[in-house]
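Please keep the model open beside the text as you read.

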Amino acid sequence: MLFKDIPGLESIKSTLKRSVQNSHLAHAQLFDGPHGGASLALALAFSTYINCENRTDEDSCGICASCSKMQKLVHPDMHFIFPIATSKKIDGKTSEAFLSYWRSFVLENPYRVLPEWLDFINAENKQGNISVEEARGILGKLSTKAYEGEYKILLIWKPDIMNASSSNALLKILEEPPFKTIFLLVTDQSDRLLTTIVSRTQRIAIPAFSDSEVRQFLKRHTESDSLAKQVTFLSDGNLSEALRLIQETADDRSEWFADWMRSCYKFDVAQLVKLADSFDTMNKEKQKGLLEYALRLFRDMLIWSQGAGELLRVPEEELTFVQNFSKAVNFAALEKMVEEVNTAYYHIERNVRAKMVFLDLSLTMSPYFKRRS
Ligand SMILES: [Zn+2]
């Protein structure tokens with residue numbers, strides 16, 4: 001991973017590069033950013049830069065021996081610790097046993113989140129864990145002298161899931177770190193870390209990707225500009241979510257949603273039953289996705305109806321729909337609709353029959369529309 005592979009975030013990239021150029025490397029750094037953000041990608045680009053034999057002010061060279069090993073994540077001075085779980089696919093109790101899977105997971109896409117990793121390894125429970133044995137084994141991992149690079153680097157992904165004993169084992173090491181070793185802690189939930197760990201690190205606050213950075217990234221995955229816009233709008237700077245959405249291109253949410261709202265407006269029960277049947281056949285993720293989409297649009301309509309239209313990030317094609325819709329329901333009704341959709345979402349998550357949830361939601365929302373009778 002090179003800095004240039006990561007869209008945007010120029011200011012944070014310069015800060016990181018400068019710290020290497022001025023040899024101001026804190027021995028423990030906390031890459032603290034949002035879900036689906038750039039934290040892991042940046043930590044990897046930073047590690048590559050630290051050990052590159054031919055770096056420029058801009059980036060790592062990408063071709064020296066160190067860079068090419070970093071590109072495959074096989075550099076002998078680069079170590080990883082990450083959550084693991086019992087899996088039918090892999091036998092082992094530490095990150096080491098999962099390493100080849102970890103490499104493919106990260107190389108495919110470094111913006112993914114913990115549940116995706118646990119899916120990737122066919123984890124039997126959906127928690128993931130960094131054991132105290134793993135934390136205590138850190139010093140052993142790092143005991144040899146740096147083979148090739150100037151520094152040994154240990155990247156810990158998701159230290160926030162460590163329990164108290166693992167955290168304390170890590171803390172001990174951070175208090176007396178081995179020479180020429182850099183710890184990079186990568187988290188999207190820093191509020192769950194022990195404050196004593198946080199205070200031992202230099203915090204690098206990583207902002208979410210902006211809309212234009214997400215759009216720039218999506219150019220590699222779709223040629224459709226309007227799809228890219230729609231996905232950008234929905235993903236809120238979360239690239240993991242953006243990729244998931246782009247892979248669902250076949251389902252055209254906006255059309256489906258418009259049809260649904262029209263049927264509610266007309267109180268067309270026959271059509272609502274049909275829609276409920278089709279909703280019932282979708283998988284749970286897709287059902288939740290549609291409700292999330294509805295929530296997002298309702299929230300934007302609330303903003304619109306308060307006269308703060310310029311705040312909207314709605315793609316142009318949907319703007320007319322939002323404008324017309326806002327005329328058909330009043331503010332209080334919209335607020336109630338948000339509540340109803342939230343309840344439906346809750347029920348879907350808890351496996352209540354989707355058809356009933358959807359039909360019930362539609363029939364509850366229909367009277368909220370102002371009809372011109
Ligand atoms: Zn290089």
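A residue counts as buried here if 20 or more other C-beta atoms lie within 10 Å of its own, with C-beta atoms placed from the backbone. Keep in mind that you are looking at a predicted model.

With that cut-off in hand, turn to strand β3, which spans residues 152-157. This strand is mostly covered, with 6 of its 6 residues buried. In a regular strand the side chains alternate between the two faces of the sheet.

What does β3 pair with? Strand β2, residues 78-81, runs parallel to β3 and is joined to it by 4 bridges. Within that pairing, phenylalanine 80 has leucine 155 of β3 as its bridge partner. Strand β4, residues 181-187, also runs parallel to β3, and 6 bridges join the two. Here leucine 154 stands opposite phenylalanine 183 of β4.

Now step back to the chain as a whole. Its secondary structure comes to 18 helices and 5 strands. The chain is divided into domain 1 (3-208), domain 2 (213-246) and domain 3 (253-368). Taken over C-alpha atoms, the centres of domain 1 and domain 3 are separated by 40 Å. Along the principal axes, the C-alpha atoms fill a box of roughly 80 × 40 × 35 Å. Of the 373 residues in the chain, 37% are buried. Among contacts between residues at least 6 apart in sequence, 74% join residues at least 24 apart.

For a last stop, find valine 214 in helix α10, which covers residues 211-218. Why is valine 214 classed as buried? The reason is that 26 other C-beta atoms lie within 10 Å of this valine, and the cut-off for a buried residue is 20 or more. Leaving aside neighbours within four places in sequence, valine 214 is in contact with Phe209, Thr232, Ser235, Gly237, Leu239 and Ala242. Look as well for valine 231, which is 17 residues from valine 214 in sequence and 8.9 Å away in space, C-alpha to C-alpha.

Conventions
Residues are numbered from 1 along each chain as its sequence is written. This is a predicted model: local features need pLDDT of at least 70, side-chain atom pairs count only at pLDDT 80 or more; totals for chains, interfaces and linings use all residues. A residue is buried if 20 or more other C-beta atoms lie within 10 Å of its own, exposed if 12 or fewer, and partly exposed in between; C-beta atoms are placed from the backbone. Two strands pair if DSSP finds at least two bridges between them. Domain bounds come from an automatic or database domain assignment. Two residues are in contact if their C-beta atoms, placed from the backbone, lie within 7 Å.
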